[in-house]
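Here's a quick briefing to read alongside the model. Have the viewer open as you go.

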Amino acid sequence: MSLNRVTIIGYLGQDPEIRHLPTSGQPVAHFSVATDEVFKARDGTRQERVDWHNIVVFGKAAESCKEYLKKGRQVYVEGRLRTREFEAKDNGGKRQRTEIIANRVQFLGTPPADAKSAEVTAETDAEDIPF
């Protein structure tokens, strides 16, 4: 038995970008979320560390994220980790990118003036994901 589950609450670093899969036309949203951690260093000083998480959302949930999420908005994301390998455009070398494949996104905090607070759940079968 194994478990691959991630839950984070953080702030969007940029507006979601949406693309469509070439084979099925299914919408895919990409965005990053920042989480922070405060701790004391060995010398007793207060330190803060920010981690950035790459989020991928499929289907109708991706369209909702594009519509309702804006940079700086607080969000709850639940999903699983996936690391994929790709060819870098600049030097042609192989690179890896670890992403959270979201199956639940809940919009927190104050929504933009023209949006409502909402929660979306990705209803994507594992077979629909192209990697």
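Predicted model: local features only at pLDDT ≥ 70, side-chain atom pairs only at ≥ 80, totals over all residues.

Residues are numbered from 1 along each chain as its sequence is written, and side-chain values use heavy atoms, with hydrogens and water left out.

**Strands**

- Helices (H or I, at least four residues) and strands (E, at least two) are DSSP runs, numbered from the N terminus.
- Two strands pair if DSSP finds at least two bridges between them.
- β5 (residues 74–87) runs antiparallel to β6, and 13 bridges join the two.
- β5 and β6 make a hairpin with 6 residues between them, and G92 in the turn has a positive phi of about 75°.
- β6 (residues 94–107) also pairs with β4 (residues 46–58), this time in the parallel sense over 3 bridges.
- I55 has I100 as its bridge partner in β6.

**Nonpolar cores**

- A nonpolar core here is a set of buried Ala, Val, Leu, Ile, Met, Phe, Trp, Tyr and Cys residues joined through side-chain atoms within 4.5 Å.
- Buried means under 20% relative accessible area, exposed means over 50%, and partly exposed is in between (1.4 Å probe, protein chains only).
- The largest core has 19 residues, and F31, I55, V57, L69, V75 and V105 touch the most other members.
- At least two residues of this core come from each of β1 (6–12), β3 (27–40), β4, α1 (60–68), β5 and β6.
- Another core, of 5 residues, lies apart from it, with L21, V28, V56 and F58 among them.
- Contact means heavy atoms within 4.5 Å; leaving aside neighbours within four places in sequence, V75 is in contact with I8, I9, G10, L12, V33, L69, V105, Q106, F107 and L108.

- A61, A62, S64, C65 and Y68 are the buried residues to look for in α1.
- Those buried residues fall within an arc of 160° seen down the axis of α1, so they line one face of the helix; the arc is that of the directions from the helix axis to the C-beta atoms.
- K60 and E67 are exposed on the other side of α1.
- Searching the whole structure turns up 1 aromatic pair.
- That pair is Y68 with F107, tilted, at 5.9 Å centre to centre and 40° between the planes.
- Y68 sits in α1 and F107 in β6, so the pair ties together parts that are 39 residues apart in sequence.
- Rings of Phe, Tyr and Trp (its six-membered ring) pair if their centres lie within 6.5 Å; planes under 30 degrees apart count as stacked, over 60 as edge-to-face and the rest as tilted.
- Y68 counts as buried at 18% relative accessibility, and F107 does at 2%.

- R73 is in the loop between α1 and β5, and at 4% relative accessibility it counts as buried.
- The R73 side chain reaches the backbone oxygen of Y68 at 3.3 Å, and a polar atom of that side chain lies 2.7 Å from the backbone oxygen of L108.
- G109 is in the loop between β6 and β7 (119–121).
- G109 and R73 are 36 residues apart along the chain, yet their C-alpha atoms are separated by 6.6 Å.

Conventions. Polar contact = N/O pair within 3.5 Å; in protein donor to acceptor, adjacent residues only side chain to side chain.
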